[in-house]
Amino acid sequence: MRTIALRDALREALHEEMARDESVFVIGEDVIAHGGPYTVTQGIVDKWPDRIFETPIAEAGIVGLGVGAALAGMRPVVEIMYVDFITCAMDEVVNQAAKMRYMTGGQASVPIVIRLPCGPARLVAAQHSQIMESWFMHVPGLQVAAPSTPYDAKGLMKTAIRSPDPVAFFEYKALYVSEGEVPEEDYVIPFGKADIKREGEDATVVAIGGMVPRALEAGVALEDEGYDIEVVDPRTLAPLDMETICESVRRTGRAVVCEMDSSFAGTGAEIAAALAEQCFHDLRAPIVRVGSPHVPMPFAEELVNVTVPDSAAVCDAVRKVMA
């Protein structure tokens, strides 16, 4: 298979789905200029100039338009330049898109994909570095995807676009240039199916989004200490594949849950609680969580490096459960 970057995989997914289904269109800020802020929408205007639209800086209007178009039978892919800005459109996401199928007794659906570039990358501080996956996991009716590899990104994006229900699609900015193998033939990845990125026997590391490559780095580093860790990537957080995660933890007897977001009331907390409920008697050590401290993302590079967990933090957590 050829090797491409994650942003290229997302771009391919968009192009292929727009070619497959004429109801798919793209809307967002700067999605035409420079091929979008992250070049994911590059080339769309050349092929489908009437199916990609640049907007003013008005997130409530952007998402609201997308919800209305979805109700009218279209399949909008809405880009929010930074996930932080989705707070300006929370009513449209949480009270409209997420609840419409339930409130109409299944008579209406909102097949909208909201692309949410997230997490620290460049030094863009507190208002441009958040992740907030757990906000959307908490909302019934929303699906939440968080791919970590180009293969997963393309397959999950195609599934998201074809889904009859709204999807919050988290794209870690730090992973856009990461490369991986992606087949040229058409494929989709079902939501609610975790992937074991590395097999191991001593401890299970559940890594979310941007923490997956750091967990894999930790796996290599820990080999020198005699520890063989298994890395499980949920890939989607709603639905969440606890069955695969629990199977791994029951086999290894130890669990570490890693996320880039604040570990307070976060995605990792939900996974850890579910493991405590479902796998308590299989655990040989307390569950350990790895995440950022409960502080706004700083601007200074030195402080960012201290705030965001790295592979060394994963190694330390594994040592704790192994001790």
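Is Thr236 buried or exposed? Keep that in mind as we walk through this predicted model; we will come back to it at the last stop.

**Stop 1**

Now show the residues in contact between them: domain 1 contributes 22 and domain 2 contributes 24.

**Stop 2: the interface**

The size of an interface is often given as the accessible area lost when the parts come together. Here, about 1900 Å² is buried between domain 1 and domain 2, and carbon and sulfur atoms account for 66% of that area. On the domain 1 side, select Pro120, Leu123 and Met137: these residues lose the most area to domain 2, together 27% of what that side buries.

Next, turn to the polar side of the interface. The rule finds two salt bridges between domain 1 and domain 2. For a salt bridge to look at, display the side chains of Lys197 and Asp152, which meet at 2.7 Å, N to O. Across the interface of domain 1 and domain 2 there are also eight residue pairs in polar contact.

To see where domain 1 touches domain 2, highlight α6 (133-137), β6 (143-145) and α7 (150-162); each supplies at least two residues of that side. By class, the side of domain 1 that touches domain 2 has 15 nonpolar, five polar and two charged residues.

**Stop 3: helix α9**

Move on to residues 242-252, which form helix α9. Which residues of α9 are buried? Select Met242, Thr244, Ile245, Cys246, Ser248, Val249 and Thr252 to see them. An α-helix has 3.6 residues a turn, so residues three or four places apart point the same way.

Now show what surrounds the helix. The buried residues of α9 pack against the strands β9 (195-198), β10 (203-207), β11 (229-233) and β13 (255-262), and against helix α10 (267-279).

**Stop 4: Thr236**

Finally, select Thr236 in strand β12, residues 236-238. Here is the reply to the opening question: Thr236 is buried, with a relative accessible area of 1%. Show its surroundings: leaving aside neighbours within four places in sequence, Thr236 is in contact with Val144, Ala145, Leu156, Phe191, Gly192 and Lys193. Zoom in on Gly192, whose backbone nitrogen lies 2.8 Å from a polar atom of the Thr236 side chain.

How values were computed:
Residues numbered from 1 in each chain as written. Predicted model: local features only at pLDDT ≥ 70, side-chain atom pairs only at ≥ 80, totals over all residues. Heavy atoms only, no water. Contact = heavy atoms within 4.5 Å. Buried area = accessible area lost by both parts, 1.4 Å probe. Salt bridge = Lys/Arg side-chain N within 4 Å of Asp/Glu carboxyl O. Polar contact = N/O pair within 3.5 Å; in protein donor to acceptor, adjacent residues only side chain to side chain. Helix = DSSP H or I, 4+ residues; strand = E, 2+ residues; numbered from the N terminus. Nonpolar A, V, L, I, M, F, W, Y, C, P; charged D, E, K, R; others polar. Buried < 20%, exposed > 50% of the residue type's maximum accessible area, 1.4 Å probe, protein only.
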